[in-house]
Protein chains: 2
Amino acid sequence: MELYAERGFEQTTVAEIARRAGLTERTFFRHFADKREVLFAGTDSLRELMVGAVAGVADSAAPIEAVAAGLDAIGAFLQPGHDYSRRRQAVIAANAELRERELIKLASLAGSLAVALRGRGVAEPAASLAAEAGLAAFRVAFERWTSEDDPPMLPELIGQSLDQLRAIAAAGRTPEPQR
Amino acid sequence: MELYAERGFEQTTVAEIARRAGLTERTFFRHFADKREVLFAGTDSLRELMVGAVAGVADSAAPIEAVAAGLDAIGAFLQPGHDYSRRRQAVIAANAELRERELIKLASLAGSLAVALRGRGVAEPAASLAAEAGLAAFRVAFERWTSEDDPPMLPELIGQSLDQLRAIAAAGRTPEPQR
């Protein structure tokens with residue numbers, strides 16, 4: 001990560017990363033499929049945390065409440081690493097391939113969230129809709145959290161973002177489109 | 001498309017596609033960056049339609065109503081090509097790289113939708129939230145439309161999907177997560 005921030009993702013080689021981390025290249029490739037994966041190594045931990053939080057919510061809670069609990073767990077986990085997250089976002093924002101990889105990882109989190117909701121008895125398509133809308137709210141909160149110097153806490157931003165989603169969805173019925 | 005459906009995406013070469021279409025390979029590459037792009041050639045037309053429909057909605061309409069109009073325009077455009085869309089989805093579903101490309105194209109549509117909303121004076125983050133939640137609703141509707149033999153019309157499914165999103169978002173306040 002330090003190397004990516006110092007000299008850009010494209011210019012950094014696996015050999016340099018491995019040297020900085022005190023590893024051989026062979027060891028590096030035992031842990032990561034390629035140099036992009038270093039930036040996404042935390043995805044599975046986030047997934048486990050999120051799924052665990054969703055499973056821990058009272059049975060009576062609405063799907064969107066379970067989604068909120070899952071995202072809140074991610075937010076609480078990421079909060080202490082604000083500086084790291086900001087540097088990482090800067091590296092990702094500067095590289096189209098990394099932006100695509102990030103998109104794919106977020107979509108896979110949405111997929112896991114939908115599975116967790118189905119595990120609570122939420123039917124499709126409500127499970128997928130709630131999961132994807134929730135991840136959209138998370139992305140917006142995370143974007144603000146990593147772009148401001150002294151932002152509110154991430155869990156608070158996630159809560160605001162979900163409130164906004166609620167307000168947007170509640171505004172107006174689907175109109176007859178103008179032809 | 002026919003060739004992809006007949007023998008699978010991986011097994012089809014650009015030379016074969018060009019021959020079937022009566023083109024030289026050189027002409028093929030003048031139109032498409034690679035063989036994947038054949039499947040996504042319609043994205044820019046969909047984008048223009050969607051953005052045009054959003055711009056045509058009354059100024060007084062809520063952001064989610066403008067989103068609904070944009071998605072409805074896409075639905076009305078795709079409806080006559082149900083068979084094509086089903087074959088295309090089967091090809092994409094069978095190939096991880098194509099699924100990722102589809103994800104990226106849908107994200108780019110959400111980005112354009114957010115831009116169109118900002119053009120109507122919708123502030124961030126409401127514009128991005130409304131756009132991404134809307135695209136989630138579209139994906140769910142499209143998924144059902146391409147997976148059933150005799151589904152309701154796509155614009156109707158999109159409307160149902162947006163109604164469901166509204167119901168999900170309205171259910172319950174954000175709870176205190178269980179710790």
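**Two copies about one axis**

Let me start with how the chains are placed. Chain B is superposed on chain A by a rotation of 180° with 0.0 Å of shift along its axis, at an RMSD of 0.0 Å. That is the relation of a two-fold axis. The surface used is the same in both copies, with 100% of the contact residues of chain B recurring in chain A. Please keep in mind that this is a predicted model. Its scores are ipTM 0.79 and pTM 0.82.

Now the confidence for chain A. The mean pLDDT of chain A is 86, and 88% of its residues reach 70 or more. Going by elements, helix α5 of chain A, residues 63-78, has the highest mean pLDDT, at 96. Helix α1 of chain A, residues 2-7, has the lowest, at 68. Over residues 174-179 of chain A the pLDDT is below 50, yet this stretch has 16 contacts in the model beyond near neighbours in sequence. Where pLDDT is low, the predicted coordinates should not be read in detail.

Next, the fold of one chain. Chain A has 9 helices and 0 strands. Of its 179 residues, 36% are buried. If we take the contacts in chain A with a separation of 6 or more, 56% of them join residues 24 or more positions apart.

Between them, 7 residues of domain 1 of chain A are in contact with 9 residues of domain 2 of chain A. On the domain 1 side, the residues that touch domain 2 are 4 nonpolar, 1 polar and 2 charged.

One residue to look at in chain A is A:V54, which lies in helix α4, residues 43-55. Is A:V54 buried or exposed? A:V54 is buried, because 27 other C-beta atoms lie within 10 Å and the cut-off for buried is 20 or more. Leaving out residues up to four places away in sequence, A:V54 touches A:A66, A:A69, A:G70, A:L113, A:A116 and A:L117. By contrast, A:I17 is 37 residues from A:V54 in sequence and 36 Å from A:V54 in space, C-alpha to C-alpha.

Back to the pair of chains. How many residues does each chain bring to the contact? Chain A gives 43 residues and chain B gives 43 residues. On chain B, four helices each supply at least two residues of the side that touches chain A: α5 (63-78), α7 (96-119), α8 (126-147) and α9 (154-170). By type, that side of chain B divides into 28 nonpolar, 8 polar and 7 charged residues.

Which residue of chain B comes closest to the rotation axis? That is B:A133, with its C-alpha at 2.5 Å.

The last item is the largest nonpolar core, which has 84 residues. The members that touch the most other members are A:L113, A:A130 and A:A133, together with B:L113, B:A130 and B:A133. Two of these have come up already: A:L113 is touched by A:V54, and B:A133 is the residue of chain B closest to the axis.

Note on methods. Residues numbered from 1 in each chain as written. Chains lettered and ligands numbered in written order. Predicted model: local features only at pLDDT ≥ 70, side-chain atom pairs only at ≥ 80, totals over all residues. Core = buried A, V, L, I, M, F, W, Y, C linked by C-beta atoms within 7 Å. Buried ≥ 20, exposed ≤ 12 C-beta atoms within 10 Å, placed from the backbone. Contact = placed C-beta atoms within 7 Å. Nonpolar A, V, L, I, M, F, W, Y, C, P; charged D, E, K, R; others polar. Least-squares fit on C-alpha atoms with pLDDT ≥ 70 in both. pLDDT = per-residue confidence, 0-100.
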